[in-house]
Amino acid sequence: MVSWRVAAAGGLLLILLVAQQASAQAAEKVISVSAVVQPNTKKKPPHQQPKIRKCTEAQKQDILHECRGYVTAGSHIILPDLHSACCDAARSVQNLDMDCIVDLLTSEERSRYNANKIKHLNEMCRP
């Protein structure tokens with residue numbers, strides 16, 4: 001016959017094993033549920049209004065053509081005259097916004113033309 005202490009210890013052990021197993025299953029459920037319910041912590045990009053361009057592709061092409069002696073990369077510096085076709089083309093852009101023109105340059109145009117010289121048209125062609 002089994003002593004009452006051994007039986008009690010066995011019963012207690014059985015209760016602990018059942019409790020541990022139930023606890024592990026509950027923990028698995030909590031983990032799986034929390035993975036499904038977790039809030040999205042990824043930052044959303046700030047809402048941006050569509051950028052309204054102040055210049056056009058046609059204006060860019062006109063500037064690159066009329067100012068080619070000044071804005072071509074590696075060319076000697078030939079300053080455009082205030083009353084030249086180059087400055088007329090630059091002044092056709094609202095507020096002489098040459099940053100807008102530079103933003104429209106393709107990668108090929110960026111290698112062919114000097115963006116800093118294009119930006120300087122803002123100062124050089126201002127009446």
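Predicted model: local features only at pLDDT ≥ 70, side-chain atom pairs only at ≥ 80, totals over all residues.

Before anything else, a cut-off: I call a residue buried when its relative accessible area is under 20%, exposed when over 50%, and partly exposed in between.

**Entry 1: the overall layout.** I counted the secondary structure and got seven helices and zero strands in the protein chain. Read along the sequence, that gives me α-α-α-α-α-α-α. Of the 127 residues, 23% are buried. I get about 9800 Å² of accessible surface for the chain, with 59% of that on carbon and sulfur atoms. For contacts with a separation of 6 or more, 71% come from residues 24 or more positions apart.

**Entry 2: cysteines.** How many disulfides are there by the distance rule? The count is three. With the bonded cysteines numbered in sequence order, I read the pairing as 1-5, 2-3, 4-6.

**Entry 3: C55 and C100.** These two are joined with an S to S distance of 2.0 Å. I looked up the S-S torsion of C55 and C100 and found -90°, a left-handed link. C55 is in the loop between α1 (4-37) and α2, while C100 is in helix α5 (residues 98-104), so the bond ties together parts 45 residues apart in sequence. C55 counts as buried because its relative accessibility is 5%, and C100 is buried with a relative accessible area of 5%.

**Entry 4: C67 and C86.** Here the S to S distance is 1.9 Å. The torsion is about 105°, so I put this disulfide down as right-handed. C67 sits in the loop between α2 and α3 (68-71) and C86 in helix α4 (residues 85-91), so parts 19 residues apart in sequence are tied together. Both C67 and C86 are buried.

**Entry 5: C87 and C125.** I find this disulfide at 2.1 Å, S to S. At -65° about the S-S bond, the link of C87 and C125 is left-handed. C87 belongs to helix α4 and C125 to the segment after α7 (115-124), so the pair ties together parts 38 residues apart in sequence. By the cut-off I started with, both C87 and C125 are buried.

**Entry 6: a look at Q61.** Is Q61 buried, partly exposed or exposed? Q61 is partly exposed, because its relative accessibility is 36%. I placed Q61 in helix α2 (residues 57-66). Its C-alpha atom is 9.5 Å from that of L105, a residue 44 positions away along the chain.

Terms used. Residues numbered from 1 in each chain as written. Heavy atoms only, no water. Helix = DSSP H or I, 4+ residues; strand = E, 2+ residues; numbered from the N terminus. Buried < 20%, exposed > 50% of the residue type's maximum accessible area, 1.4 Å probe, protein only. Contact = heavy atoms within 4.5 Å. Areas by Shrake-Rupley, 256 points an atom, 1.4 Å probe, with all protein chains shown as cover. Disulfide = S-S within 2.5 Å.
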